[in-house]
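Q: Please pick out one part of this model and look at it closely, describing its geometry and its surroundings in a connected way. I would like each term to come with its cut-offs.

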Amino acid sequence: MAASRAHWWFVGPALILMGLILLLPILIAAALSFTSYSLGNPGAEFVGLDNYEKIFTRSTYEKMFGATFRYVFVVVPLSVGLGLGAALLINSTKRFGDFYKTIYFLPVMAALIAMAIVWEFALHPTIGIVNATLEHGCGSFLETWGLYAHGCDRGFPLWLTDRDYAIWTVAFIGVWQGFGFNMVLYLAGLTSVPRELYHAAEMDGARTAWDRFRLVTWPMLGPTTVFVVTISFIRSFQVFDTVEAFYPQGGGPSKSVYVMMFAIYEKAIQQNLMGIGAAITVVFLGFVMFLTVIQRWLVERRVHYS
């Protein structure tokens, strides 16, 4: 009888730790989401579903959902695609492979404050290198493109302060910052592809690089792709530091960059509205879990596990 319970001494501490660190905070947040609790108050008034009604009916939170999903569905496919492309290119090079790995991985290691300062200068409407480079193209064949001609005539966009461009600019920075991490994961996956499969595919008629990628590389990278896509979704939903660095006072112009993590920070920390902050947290966790389960189900249907 004693031997049959021995396994609990091994898994019990881990289960207790997981419950205290992971499950208990979620349960506390779920309980607080039904109240109007604020830090410093001796009690909390039960408000039922009022906090959730505000989230799904008020225009501010509609902007929050729009900004979050625009960011996620731009950053995830681009960072995954560029990470895979960079990994394939580096894996095929015979020289300077380590140098390219370092260059592509630098944005992942960049300090937040340094990154924000560099991008603010680069995207400045008058002294920034981005608009200055675009202005050099005025008068050339590039003006045949309507949007470019419009920029030459009326000025190029205010990338960080125009509500029509702000979320896309932040998403671009997110892609720049994140695809190097995905590249490293794909490089690790490429090392596990047996070289014999390429020789066998070539004997079966796979002569071009595209054929080898389509028939061998991509199927064998299935497990890596599942992991990369899952991690990219979670990291994209968790974006906060970039938005807070650029727009510490309120989520960008007209709240066009008002993503969910910043909304949680603003409501729960800045405004001390713990109830509505907890409700946004619960909705955030629900969206992350739902999209993660859906994408894993869709991707794993065509995954090859060796």
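A: **The phenylalanine cluster and its surroundings**

Phe56, Phe65, Phe69, Phe73, Phe233, Phe237, Phe284 and Phe287 are joined into one cluster by ring pairs. The model is a predicted one, in which local features need pLDDT of at least 70 and side-chain atom pairs count only at pLDDT 80 or more, whereas totals for chains, interfaces and linings use all residues. Residues are numbered from 1 along each chain as its sequence is written, and side-chain values rest on heavy atoms, with hydrogens and water left out.

A pair of aromatic rings is described by the distance of the centres and the angle of the planes. Rings of Phe, Tyr and Trp (its six-membered ring) are taken as a pair if their centres lie within 6.5 Å, and the pair is stacked when the planes are under 30 degrees apart, edge-to-face when they are over 60, and tilted otherwise. The count by this rule is 21 aromatic pairs. In one of them, Phe69 and Phe237, the ring centres are 6.1 Å apart and the planes stand at 90°, so the arrangement is edge-to-face. Because Phe69 belongs to helix α3 (residues 59-92) and Phe237 to helix α11 (residues 222-237), this pair ties together parts that are 168 residues apart in sequence. Helices here are DSSP runs (H or I, at least four residues), as are strands (E, at least two), and both are numbered from the N terminus.

The two partners differ in their exposure class, for which buried means under 20% relative accessible area, exposed over 50%, and partly exposed in between (1.4 Å probe, protein chains only). Phe69 is partly exposed, at a relative accessible area of 22%, while Phe237 is buried, at 2%. Phe73 is partly exposed, with 46% relative accessibility, and Phe233 is buried, with a relative accessible area of 11%.

Thr230 lies in helix α11 and is buried, with a relative accessible area of 10%. Leaving aside residues up to four places away in sequence, Thr230 touches Thr292, Gln295 and Arg296, where contact means heavy atoms within 4.5 Å.

Trp218, Pro219 and Met220 of α10 make the contact with Gly222, Pro223 and Thr225 of α11. By class, this contact of α10 with α11 holds four nonpolar, two polar and no charged residues, with Ala, Val, Leu, Ile, Met, Phe, Trp, Tyr, Cys and Pro counted as nonpolar, Asp, Glu, Lys and Arg as charged, and the others, Gly among them, as polar.

As for the chain around this part, the secondary structure comes to 14 helices and zero strands, and 39% of the 306 residues count as buried. Among contacts between residues at least 6 apart in sequence, 67% join residues at least 24 apart.
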